[in-house]
Amino acid sequence: MTAAERREQLIAVARTLFAERGFEGTAIEEVAARATVSKPIVYEHFGGKEGLYAVVVDREVQSLLAIMRASLTGETSRIILEQAALALLQYVEENSEGFQILVRDSPSGAPTFQSILGDVASRVEGLLSETFSRTGLNTKHAPMYAQMLVGMVSFTGQWWLDTRKPAREVVAAHVVNMAWNGLSGLDADPVLFSAEPTAAADPA
C-alpha cells in the first residue's frame, strides 16, 4: 500500500473499533492487528490513539455537518424542522458506525455530539426567531426552543439506530408532528400548573 492508502485503511479499522468499543475500550494493538501492521506504523501516521481518534471524529463531524447544512434550505420553521429531522436520520442510517462514535463519551478536548448539534441549533434558532417575532412571542426564547427541537431529533435518532423501524421518513414525520403541533399552539407566557412561582423565576 502507499502511505495514503495505509492511512485510510487504519482510519477505517479504527472507526469500526471506536464504534464497537468506544475510545477507552479500543487499543492501538488491536487496530494494528486488524490492519495487519505493526504498532509503530500506527504511531507513525497518527502519533497515538488520541490522534487517530481525532481524525476519525473530525471526519464524522464534517460528514454530519455537510448533510445538515445542505439540507437546511427551507424558508419556514416547519420545513426547516422536517429537513433537520430527515437529514439527521439519514446520517444515522447511512453512517451508523460514525453516529455511534459521536454519541459515545469522548476523551477530553475532542469534539462532542453536543457541540455538533449546537451548530445545527444555531441555524434553526434564526428561523424560529423570525417566527416568534411574527406571532408576538418573545424572541429571546428562540435559542432555547431551537435546542429543544434539535435535541428531540437527536435522541430519537439514537433510539432509531437500534430499531431501524419504521422508515426514516415515517420517524421524521412523527417527530415533526409532535414538535410542530406543540409549536403551533405555544403560550406566550407558559407556566407549570403543578408548581408555585419562585422569586428567581424570569417574569419575561
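The axes of H5 and helix H6 (residues 96-103) approach within 5 Å and cross at roughly 110 degrees. Helices here are DSSP runs of H or I with at least four residues, numbered from the N terminus. Axes are lines fitted to C-alpha atoms over the stretch in contact, and angles run from 0 to 180 degrees between N-to-C directions. H5 and H6 are therefore roughly perpendicular to each other. Angles of 65 to 115 degrees count as roughly perpendicular, those under 35 as roughly parallel, those over 145 as roughly antiparallel, and the rest as oblique. The model is predicted: local features need pLDDT of at least 70, side-chain atom pairs count only at pLDDT 80 or more, and totals for chains, interfaces and linings use all residues. Residues are numbered from 1 along each chain as its sequence is written, and side-chain values use heavy atoms, with hydrogens and water left out.

From H5, the residues Leu-88, Tyr-91, Val-92, Glu-93 and Glu-94 meet Ser-96, Gly-98, Phe-99 and Leu-102 of H6. Contact means heavy atoms within 4.5 Å. The residues of this contact divide into 5 nonpolar, 2 polar and 2 charged. In this scheme Ala, Val, Leu, Ile, Met, Phe, Trp, Tyr, Cys and Pro are nonpolar, Asp, Glu, Lys and Arg are charged, and the others, Gly among them, are polar.

H5 also packs on helix H4 (residues 49-71). The angle is about 150 degrees, with the axes 9 Å apart. That makes H4 roughly antiparallel to H5. The crossing of H4 and H5 is right-handed. A crossing is right-handed if the near helix is turned clockwise from the far one by less than a right angle, and left-handed if anticlockwise. On the H4 side the contact is made by Glu-60, Ser-63, Leu-64, Ile-67, Met-68 and Ser-71. Their partners in H5 are Gln-83, Ala-84, Ala-87, Leu-88, Gln-90 and Tyr-91. By class, the contact of H4 with H5 has 7 nonpolar, 4 polar and 1 charged. Ser-71 of H4 touches Gln-83 and Ala-87, not counting residues up to four places away in sequence. Ser-71 and Ala-85 are 14 residues apart in sequence, with a C-alpha to C-alpha distance of 9.8 Å.

H6 has a further partner in helix H1 (residues 3-21). The axes of H1 and H6 come within 8 Å and cross at roughly 55 degrees. H1 and H6 are therefore oblique to each other. Their crossing is left-handed. Arg-15, Thr-16, Phe-18 and Ala-19 in H1 meet Glu-97, Gly-98, Gln-100 and Ile-101 in H6. The contact of H1 with H6 divides into 3 nonpolar, 3 polar and 2 charged residues.

A search of the whole structure finds 1 cavity of 30 Å³ or more. A cavity is a set of points, on a 1 Å grid over the protein atoms alone, where a 1.4 Å probe fits but cannot get out; lining residues have an atom within 4 Å of a point. Grid points are joined across faces, edges and corners, and a volume is the space filled by probe spheres set on the points. The largest cavity has a volume of about 70 Å³. Its lining consists of Ser-77, Ile-80, Leu-81, Ala-84, Val-124, Leu-128, Leu-149, Val-150, Val-153 and Leu-183. Of these residues, 9 are nonpolar, 1 is polar and none is charged. H5 (77-94), H7 (113-135) and H8 (142-163) each supply at least two lining residues. The largest share, 4 residues, comes from H5.

Two backbone features lie in loops. A cis peptide bond joins Lys-165 and Pro-166, with omega about -5 degrees. Pro-166 is in the loop between H8 and helix H9 (168-183). Thr-36, a residue other than glycine, has a positive phi, near 55 degrees. Thr-36 is in the loop between helix H2 (28-34) and helix H3 (39-46). Most residues other than glycine have a negative phi, and most peptide bonds are trans.

Terms used
1 Å grid on protein atoms, 1.4 Å probe; cavity = no way out; pocket = protein on both sides within 12 Å on 5 of 7 lines; lining within 4 Å.
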